[in-house]
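Here's a walk through the model, residue by residue and helix by helix. Have the structure open as you read.

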Amino acid sequence: VILFSLCTILLFADQNLMAPNLTAIADYFGFDELERDRKLGGDISLAFFVLGAPASFLVGCLADLSNRSRLFGITVGIGEGACLATYWAKTYPQLYICRAVTGFSLGGALPLIYSVLGDLFAADERHAVSAIVGIGSGAGIALGQAISGYLGPTFGWHLPFLVVSVPALLTALAVFLTVEDPERGSMEEAVMRERRTRDEPESSSIEMTPLGIGEVVEDPLSNSESTLSDGVMGNGISFDCRLQMRTLRELLSTPTVLLMLVQGAPGCVPWGIVNTYLNDFFSENRGMSVEVSS
């Protein structure tokens, strides 16, 4: 949990590294104010999240097929590798591609974190652990802005990407090498109840019920024609795209999920504007230093 939380903080620190030095980056590429706001503030942010959204679904599906801890390390490694490459970005297309790929890491990591935590903690403990992850994401954004705001004016806008990505890559590597993937569903009440029943000492008297002549005992596992038959991994984990799409449809038809989307989607606009432009507005239009505005 500590490794996952630390990796989450460093991952979200990457999200807003450009905001404090938006004008400095624009000057580096020779952009005017309009190009700064549109290309750096708008287009790159759009690419960041447009790639991150389908990454959540894709990585969430892959989590059913593979070791989630290793998949988490790979997912974070891809995005933070792109963040590290931003340190050497010399052209706008290079910066654009690096930031878009970083969005893949941000979008893909969250479903893996919650999936693993769901198998590490019982249902009555998950809200507290989820809160820790949520606090880590907010703290990461604040940390990234502070690092970028204090290092950028002195050492250039490239350096914060290096400072954030290196420890994030090391933490992702630690997750990949040391964290075991917990048993799937091990903390669900039905599974724990079955385990308790299985561990209870058997009764000394066992009632034997003879089979009638001609009766056939049906193996509950013999009906292998299930919806999980399209792809089966060597470890017995099955995957079916139809099942994933059905789950998605059921989620989108759930009133609580729809209410969350209706409530949350409009809020993305003001939060996006604040996170992207507020630091630069304070430093360029209100006379604050970059360090103070961050």
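Start at Thr86, which touches Leu95, Cys98, Arg99, Trp157, His158 and Phe161, leaving out residues up to four places away in sequence. Contact here means heavy atoms within 4.5 Å. Thr86 sits in helix H4, and with a relative accessible area of 0% it is buried. Buried means under 20% relative accessible area, exposed means over 50%, and partly exposed is in between (1.4 Å probe, protein chains only).

A quick word on the ground rules: this is a predicted model, where local features need pLDDT of at least 70, side-chain atom pairs count only at pLDDT 80 or more, and totals for chains, interfaces and linings use all residues. Residues are numbered from 1 along each chain as its sequence is written, and side-chain values use heavy atoms, with hydrogens and water left out.

**The overall layout**

The chain's secondary structure comes to eleven helices and two strands. Both kinds of element are DSSP runs numbered from the N terminus: helices are H or I with at least four residues, strands are E with at least two. Reading from the N terminus, the order is α-α-α-α-α-α-α-α-β-β-α-α-α. Of the 294 residues in the chain, 35% are buried. Take the contacts with a separation of 6 or more: 77% of them are between residues 24 or more positions apart. The chain exposes about 16900 Å², and carbon and sulfur atoms supply 65% of that. Accessible areas come from the Shrake-Rupley method with a 1.4 Å probe, and for residues only the protein chains shown count as cover.

Which residues touch the most other members of the largest nonpolar core? In that core of 22 residues, they are Phe4, Phe72, Val76, Leu112 and Ile113. Such a core is a set of buried Ala, Val, Leu, Ile, Met, Phe, Trp, Tyr and Cys residues joined through side-chain atoms within 4.5 Å. Helix H1 (2–13), helix H3 (33–62), helix H4 (68–86), H5, helix H6 (126–155) and helix H7 (159–178) each supply at least two of its residues. H5 gives the largest share, seven residues. Apart from this core lies another one, of 18 residues, with Ala13, Ile25, Phe29 and Ala89 among them.

Phe4 is worth a click: beyond its neighbours within four places in sequence, it is in contact with Ser69, Phe72, Ile113, Val116, Val175 and Val179. Its helix, H1, has buried residues including Phe4, Leu10 and Phe12, and the buried residues of H1 pack against H4, H5, H6 and H7. H1 has twelve residues and reaches 17 Å from first C-alpha to last, close to the expected 16 Å. That expected span is 1.5 Å times one less than the number of residues.

Thr102 belongs to helix H5 (residues 92–120) and is buried at 2% relative accessible area. Setting aside neighbours within four places in sequence, Thr102 is in contact with Asp14, Phe48, Gly79, Ala82 and Cys83.

**Charged pairs**

The whole structure holds seven salt bridges, each being a side-chain nitrogen of Lys or Arg within 4 Å of a carboxyl oxygen of Asp or Glu. Three of them are listed here.

| Pair | Closest N and O atoms |
|---|---|
| Glu35 and Lys39 | 3.9 Å |
| Arg36 and Asp37 | 3.0 Å |
| Arg36 and Asp280 | 3.2 Å |

Glu35 and Lys39 are four residues apart in helix H3, so about one helical turn separates them. Glu35 is partly exposed at 24%, while Lys39 is buried at 19%.

Why does the Arg36 and Asp280 pair tie together parts that are 244 residues apart in sequence? Because Arg36 lies in helix H3 and Asp280 in helix H10. Both Arg36 and Asp280 are buried, whereas Asp37 is partly exposed at 29% relative accessibility. Arg36, Asp37 and Asp280 are linked in a network of salt bridges.

**Out on the surface**

Finally, Trp271, Val274, Leu278 and Phe281 form a nonpolar surface patch with about 380 Å² of accessible area together. Patches are made of residues with over 30% relative accessible area and no salt bridge, with like charges joined within 9 Å and nonpolar side chains (Val, Leu, Ile, Met, Phe, Trp, Tyr) within 5 Å. Phe281 lies in helix H10 (residues 255–285) and counts as partly exposed at 34% relative accessibility.
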